[in-house]
Amino acid sequence: MSSCPCGSSRPFEECCGPILAGEPAPSAEALMRSRYTAFVRHDLDHVERTHAPEIREDFNRAEAERMVAEAEWQRLDILRASEEGDAGQVEFLIHFRRDGQELRHHERASFRREDGRWLYVSGEINPKGEPRRVVKVGRNEPCPCGSGKKYKACCGR
């Protein structure tokens, strides 16, 4: 048995193999892993059929085939995965080599479950984190640490 390309450390036959063969993915993360594996194995039919219907016609098969042929896939890193009801998000990094260069693709992908099947809906390339918020505290205002003292006499020294 060969190890699954998705990086799960499980055999392909027990990991992405059944999903690529047509079984529904149990989670948005599992679908993302299987889509990566499909690129590695040049199975673009899986990539195309796991697109949500509204984006399916935007899939550029010729461009995807060219990318698959030129890339040397190295690994997939799942950074975050979450699900709420029938919606899921997976943030990931794909490491690959093309034209002698080490490259990576960073994306936060959105997924939707329809009729028990997860589908890729959209992706944000190089997503930014939440903006950092700083609250200014006046010197004579109560200290935000909850001590009951004025800020200038507590944490503002």
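Residues are numbered from 1 along each chain as its sequence is written, and side-chain values use heavy atoms, with hydrogens and water left out. In this predicted model, local features need pLDDT of at least 70 and side-chain atom pairs count only at pLDDT 80 or more, while totals for chains, interfaces and linings use all residues.

**Exercise 1.** Determine how many disulfides the structure contains.

*Solution.* 
1. A disulfide is a pair of cysteine sulfur atoms within 2.5 Å.
2. For Cys6, the closest cysteine sulfur belongs to Cys15 and lies 3.6 Å away, too far for a bond.
3. Cys145 is likewise in no disulfide, as the nearest cysteine sulfur, that of Cys143, is 3.5 Å away.
4. The count by this rule is 0 disulfides.

**Exercise 2.** State whether Cys6 is buried or exposed.

*Solution.* 
1. Buried means under 20% relative accessible area, exposed over 50%, and partly exposed in between (1.4 Å probe, protein chains only).
2. Cys6 has a relative accessible area of 0%, so Cys6 is buried.

**Exercise 3.** Describe the salt bridge that Glu48 forms with Arg61.

*Solution.* 
1. A salt bridge requires a side-chain nitrogen of Lys or Arg within 4 Å of a carboxyl oxygen of Asp or Glu.
2. The closest N and O atoms of Glu48 and Arg61 are 2.9 Å apart.
3. Glu48 lies in helix H3 (residues 44-49) and Arg61 in helix H5 (residues 61-70), so the pair ties together parts 13 residues apart in sequence. Helices (H or I, at least four residues) are DSSP runs, numbered from the N terminus.
4. Glu48 is partly exposed at 25% relative accessibility, and Arg61 is partly exposed at 27%.

Note on methods
Helices (H or I, at least four residues) and strands (E, at least two) are DSSP runs, numbered from the N terminus.
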